[in-house]
Amino acid sequence: MTSRTRISPPDTTADDHELGEHDHSREWSPEQDQDFGRSRCVDDHELGTARSGLIRLRSHRARRGRRSALITAILTGLAWAGVMLARLFAGGPVGVGDQGDGRRLLCTFGAANGRPWNADTSDYVFTAWVPHAWFGETCELYRSTQLGLLWLAKQVNGPLGLPGLVDLRGLGVLSTLLVGVIVGLLAWLLPGRWWVRAGAASAIGLVYADAAFAGFFVSPHTEPAALLGVGFLLAALLLLGRGATLPRLLLTTIVAIFTIGAQVQTAALAVPVCVALIWLPYRRLVRWRWAGPVLRRIPGIVLSLVVIAAASFHLAAQPETQMEAARHGVVFGSILYGNTGAAKDLQDLGFDAPSAAAISEIAATNAGVGSLPPVLVAMFKENVTTAGIVAFYLTHPAHAVRAVGWGLEGIGRFSVDYLGSYPPDAGLPPGAREHRIAAYSWFWGTFRVAPAFLLLLWVATFAAGRSVVRRRRVKPARKAVGRLAMLVPLMIVAQFGAVLILLGRADITRHLTVVSFLTAVCIPLLTLALCIRFRGVRPNPRRRDAPGMPNSCKPELVR
Amino acid sequence: MTLRVLLMYLMAGLTASCGLAPAAATGRPSAAMPVGSCHRMSQPEELYHVSDVAPPVSCTEPHQTETYLVTRLSGALATEPDRPSPDRLRAACDYRPIRPYLGARRKDAQWGIEIQAKFPTRAEWAAGNRTLRCDLLVPTLHTDLGPQLTAPLRGIMRHPQSVLVRRCRRETVDVVCALPHDQEWVEPPIYLAHDDSTPSQMKHLCQANARAYTGGTLDGLAVTVEPVDTRQAHCWLRHDDDAVTTTTLRGGSR
């Protein structure tokens, strides 16, 4: 009981690491009252009056606050669903062209793109997918949670009056609604007054609406599941950052598994998610100090293991041919690209000297692994593993720096400007890109000129978050923003590394879409974290007290 | 134990959510495709994929390719445990059976035909199947439909549908004769023994070839000589009024 007998104003938590997870501002316990009485020596009558007034006022304010937060969330969410619908469909639909991913995804539903034979799907967006019977290897197993979204799109296709088996415009409508839900959830969970919540959530909504990302919602790519999953993950982490309860831990786990299952590279999100799950002790075990830090995090640890198992399963379940092709792409497209010492590097990857020389000669002609003789193909398969590539980068910092440079350039490009945005009947030239909303794209000019600023943004966001988390006397809801600001750069770095290791330089801008999205989210997150860091701490009412006077019991000061 | 069961159910759930069972049907084994079978591949991905196990269709229905040769891979390629890359496999299709398959005689020249090879699936290859299917692909008539045809290619040179595989020209652009054209290629081109040949000699030889090509007189037709060099020239047939048609002038022994 002694651990809870200190009376504190709502923003001053006794112990940031332990009790900080208890929101004292929203709870009132008899023990606190008793202790308050003892420490302040206020007579019983005054104490009783103040206490009942305080409870009534708090209850009233809490109700009003909850209602206000809910209204703000609903209105903000509806507004952004509307904005997304308008930016995707007003004046004709826009999306992102296909690079071949569409067939791999939609053949699962027995659908084929209804485009003309000679149409270039990367230049134009062909939204209608018609029934088609696929046989044998032309439709191989493809694992992504995007299939879930497409299944939903298939269900709404008829009711929306769209042609074919699946029309991507239906996916766009669903996605806009989900973006609205995400923005609404963020507006609900972010701290501050209504306009701060709405503003901060809208800044993230603006990222979704940006030309770099919005088009993916009318496309046959896996990015919609990844982007929406990350959005829900941000909301779940905000909620979890207030304190670890079982529903919050489970919610975060489910959302994380959905997001991880979207793409190969999103498996790397398991790392930051696990950090988040075990960061805070389970709320009901907070006072079990005797149990030690590990036992008090048992639920989080168990769910972390589930997330790791899910990520491992997701990676292991990918078709081996695709993973093999990706590894070949990393070696030929990244490690051997423009590499004058290719033979030496191949030896470091495990090839013998003659084989390394032969492969480096073939690589110098920009040929792929398909051009290798069978002996070298077999050797390639044996020597080149993901673990081997990781070890190579760890022992060859110059290559790692080169790869990071490509990655930063890829994020600097921001949008996949080589894929068209419009359907052919829009009457625009092949490959034309839309820029209906491009606030972040415009700002990204800075990073295109100096990609190193991206690193600064990540570090600054992390540092601001850490500063908020370390600061005492910060409400849990605000501290959750700090935790999120620390986790988002971690998510970025994990994803960034996974793309460089698993997929390499080829098509890096598209593969780094989630990283670019999270980097853009860093901007409002950093702003919010800095606001909390510098302005979020209210004056301590006790400092304004006259010693021995009951003014400290005045509700407005305690509140 | 409970945790294990829970994890097992979770994994099963993730499997269900992550990837539905592919909709692709098993189809027909590669080895069961006979010569003369026609194959519908209405999606470019099907046409350019290394294997095809879709059941054949009737050759009078819309289709993209027709099998002219079924053979077995041999040599070093066939000994590889994993299916080699398509780049290395494609060279295995022999082009020599094509003309007999089309029913082409000395005066018939096929044009625009491509070879499309289909190999066993990875699973079939691993099971020891080394069947190589060589298909013929005709030029595209309608860009929206791709290389689609509705007639069998076997013996087509003896039929009016041979416009699908004959060479014609619209003004200066070579097209397949099934497309509107104003000139038709006369097979064979002329070759002269001496460098001092005159244009009239070339014209005379071209007219002789053209008569053999049409199998009769050249009434209402004109022959155009297109010299390649001093000893060689191409011959083109056209209507006197430069009429644009989609038929062939080939007659003769057909």
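A:Leu206 lies in helix α6 (residues 194-209) of chain A, helices being DSSP runs of H or I with at least four residues and strands runs of E with at least two, both numbered from the N terminus. The model is a predicted one, in which local features need pLDDT of at least 70 and side-chain atom pairs count only at pLDDT 80 or more, whereas totals for chains, interfaces and linings use all residues. Residues are numbered from 1 along each chain as its sequence is written, chains are lettered from A and ligands numbered from 1 in the order in which they are written, and side-chain values use heavy atoms, with hydrogens and water left out.

With a relative accessibility of 26%, A:Leu206 counts as partly exposed, a class that falls between buried (under 20% relative accessible area) and exposed (over 50%), as computed with a 1.4 Å probe and protein chains only. When neighbours within four places in sequence are set aside, A:Leu206 is in contact with A:Trp80, A:Ile437, A:Ala439 and A:Tyr440, contact meaning heavy atoms within 4.5 Å. A:Thr321, by comparison, is 115 residues from A:Leu206 in sequence and 38 Å from A:Leu206 in space, C-alpha to C-alpha.

A nonpolar surface patch of about 610 Å² is formed in chain A by A:Leu70, A:Ile71, A:Ile74, A:Leu75, A:Leu78 and A:Trp188. Patches are made of residues with over 30% relative accessible area and no salt bridge, like charges being joined within 9 Å and nonpolar side chains (Val, Leu, Ile, Met, Phe, Trp, Tyr) within 5 Å; the accessible areas come from the Shrake-Rupley method with a 1.4 Å probe, and for residues only the protein chains shown count as cover. Helix α2 (residues 44-89) of chain A gives the most to this patch, with five residues, while A:Trp188 lies in helix α5 (residues 168-189) of chain A and, at 40% relative accessibility, counts as partly exposed.

The UniProt record, an unreviewed entry, places the feature "transmembrane region" at several spans of chain A, among them residues 68-90, 170-191, 481-503 and 515-534; such positions are given in the numbering used here, feature names are shortened, and annotations may be inferred rather than shown by experiment. In the model, residues 481-503 of chain A are 96% helix and 0% strand, with the end C-alpha atoms 32 Å apart. Residues 515-534 of chain A are 100% helix and 0% strand, and the end C-alpha atoms of this span lie 28 Å apart.

Side chains of opposite charge can pair when their charged atoms come close. Over all chains, a search of the whole structure finds 24 salt bridges, a salt bridge being a side-chain nitrogen of Lys or Arg within 4 Å of a carboxyl oxygen of Asp or Glu. One of these pairs B:Arg122 with A:Glu140, whose closest N and O atoms are 2.2 Å apart. Because B:Arg122 lies in helix α6 (residues 122-126) of chain B and A:Glu140 in the loop between β2 (128-131) and α4 (146-157) of chain A, this pair joins two chains. B:Arg122 is partly exposed at 32% relative accessibility, and A:Glu140 is likewise partly exposed, with a relative accessible area of 32%.

A salt bridge is also formed by A:Glu223 and A:Arg510, with the closest N and O atoms 3.6 Å apart. Since A:Glu223 lies in helix α7 (residues 223-240) and A:Arg510 in helix α22 (residues 508-511) of chain A, the pair ties together parts that are 287 residues apart in sequence. Both A:Glu223 and A:Arg510 are buried, and they belong to a network of salt bridges that also links A:Asp101, A:Arg104 and A:Asp507.

Chain B has seven helices and nine strands, and buried residues make up 46% of its 254 residues. Among the contacts in chain B with a separation of 6 or more, 65% involve residues 24 or more positions apart. Strand β7 (residues 183-191) of chain B is mostly covered, seven of its nine residues being buried. Two bridges join β7(B) to strand β5 (residues 167-170) of chain B in an antiparallel arrangement, with B:Arg169 opposite B:Gln183; two strands are taken to pair if DSSP finds at least two bridges between them. Five bridges join β7(B) to strand β9 (residues 232-239) of chain B, also antiparallel, and here B:Glu184 stands opposite B:Leu237.
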